[in-house]
Amino acid sequence: AAIEKGPYQHFMQKEIFEQPTVVAQTLRSYLRPLERQVALPQIDFDISAVNRITIVACGTSYYAAMVAKYWFESFARVPVDIDFASEFRYRDPILPAGGLALFISQSGETADTLAALRHCKAAGQTIAVVVNVPTSTMAREADLLLPTHAGPEIGVASTKAFTCQLAVLAALAAHFAVKKGRMSAAEEAEIVAHLMEAPASLNLALEHDDEIKAMAPLIAPARDVLYLGRGPDFPLALEGALKLKEISYIHAEGYAAGEMKHGPIALIDEAVPVIVIAPSGPHFEKTVSNMQEVRARGGKIVLISDAEGLAEAGAGCLATIEMPRVHPLIAPLVYAVPVQLLAYHVACFKGTDVDQPRNLAKSVTVE
Ligand code: G6P
């Protein structure tokens, strides 16, 4: 049957709003809620022997890989290399004997990612793929298929595939940690409980839709927008900037909040909105102090956070978006929503072709 927009104006909007459902759907095949355990498909290789993981992807899928690196390294203490697929083969990567190479792709067809997969296969690596299209070439060529259950994604700018990728990757990282003896049953149970909260938290994040829509006219006139984040939420700054570029055609850059002082701070003035992604947790204070450096230079700030006393932290900001209180593990999933909605509403305000932005393709099958 043809896929319909239903009550939505665009496929992208529909796909943003589907996230609570499709993330729940995806998690169902990776978690055993009653046992509070991670449950993966049959794996034919010995995870405890994997000492290095190579993750390769493009675009939004690459940002999912960046988040996953934090999770694999912090839970399982397995070092992770990540690469843009278009760069990977050309740096003559060192591939350890018995290594695991993981490819992340919505379509399962992106030419650069597929070429990297074949390169790794020829080099004797075990191939795992996180893909949304189970009949895709990458799915067929993998040793281990880890599907996302986002359903067909029509909007060219990826949204629901990203949050579903994160759901699978969090479960996979926890599974590695368990197999490597780095995570106790009690810790696993806790991780599973946090992941199971994600769909409800995504719903709460979506409740800010009207508020974010009201901000769109303030962002739309900007020529440049800066996004800041730290730790596992730094990739969200990159993803927020990518979404805005893709569909609103406003130049945007994502930066690690602490790195701003080494360059981008020179750009800050009243004309440059700065979107600060600052979930409560170990990085909050530092990110807020970077935000104050922006404020001192007249920058217009949108603070996205769940921190207690947000009104105080957000004094002098153009706007604050109060996120539901979530565990840092699921923050990258939940904070995807406000950055997607902001890009979406700015693009609608500008009247661009949201689902089919100029010069972009849903699946890039040339290298
Ligand atoms: C294109 C799409 C992006 C996507 C990227 C990677 O550039 O416009 O939305 O993130 O390809 O696609 P993949 O299917 O490999 O995830």
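Two residues are in contact if their C-beta atoms, placed from the backbone, lie within 7 Å. The exercises below concern a predicted model.

**Exercise 1.** Determine which residues of helix H9 are buried, and state how they are arranged about the helix axis.

*Solution.*
Step 1. A residue counts as buried if 20 or more other C-beta atoms lie within 10 Å of its own. In helix H9 (residues 209-219), the buried residues are Ile212, Met215 and Ile219.
Step 2. Viewed down the axis of H9, these buried residues fall within an arc of 55°, so they line one face of the helix.
Step 3. An α-helix has 3.6 residues a turn, so residues three or four places apart point the same way.
Step 4. On the face of H9 turned away from the buried side are the exposed residues Asp210, Ala214 and Pro217.

**Exercise 2.** Identify elements that cover the buried residues of H9.

*Solution.*
The cover includes the strands E8 (224-229), E10 (273-277), E11 (300-305) and E12 (319-322). Helix H14 (336-350) is also among the covering elements.

**Exercise 3.** Describe the open sheet of 5 strands and the helices that pack on it.

*Solution.*
Step 1. The strand order is E4-E3-E5-E6-E7, and the pairing is parallel.
Step 2. Strands E4 (80-84) and E7 (144-147) form the edges, each pairing on one side only.
Step 3. On average, neighbouring strands are turned by 20° against each other, direction ignored.
Step 4. Helix H3 (residues 59-76) packs on the sheet and touches E3 (53-57), E4 and E5 (100-105); the direction of H3 makes about 160° with that of E3.
Step 5. Helix H5 (residues 111-122) lies across E3, E5 and E6, at about 165° to E5.

Definitions and conventions. Residues numbered from 1 in each chain as written. Predicted model: local features only at pLDDT ≥ 70, side-chain atom pairs only at ≥ 80, totals over all residues. Pairing = 2+ DSSP bridges. Helix = DSSP H or I, 4+ residues; strand = E, 2+ residues; numbered from the N terminus. Axes fitted to C-alpha atoms, helices over the stretch in contact; angles between N-to-C directions. Buried ≥ 20, exposed ≤ 12 C-beta atoms within 10 Å, placed from the backbone. Arc of directions from axis to C-beta.
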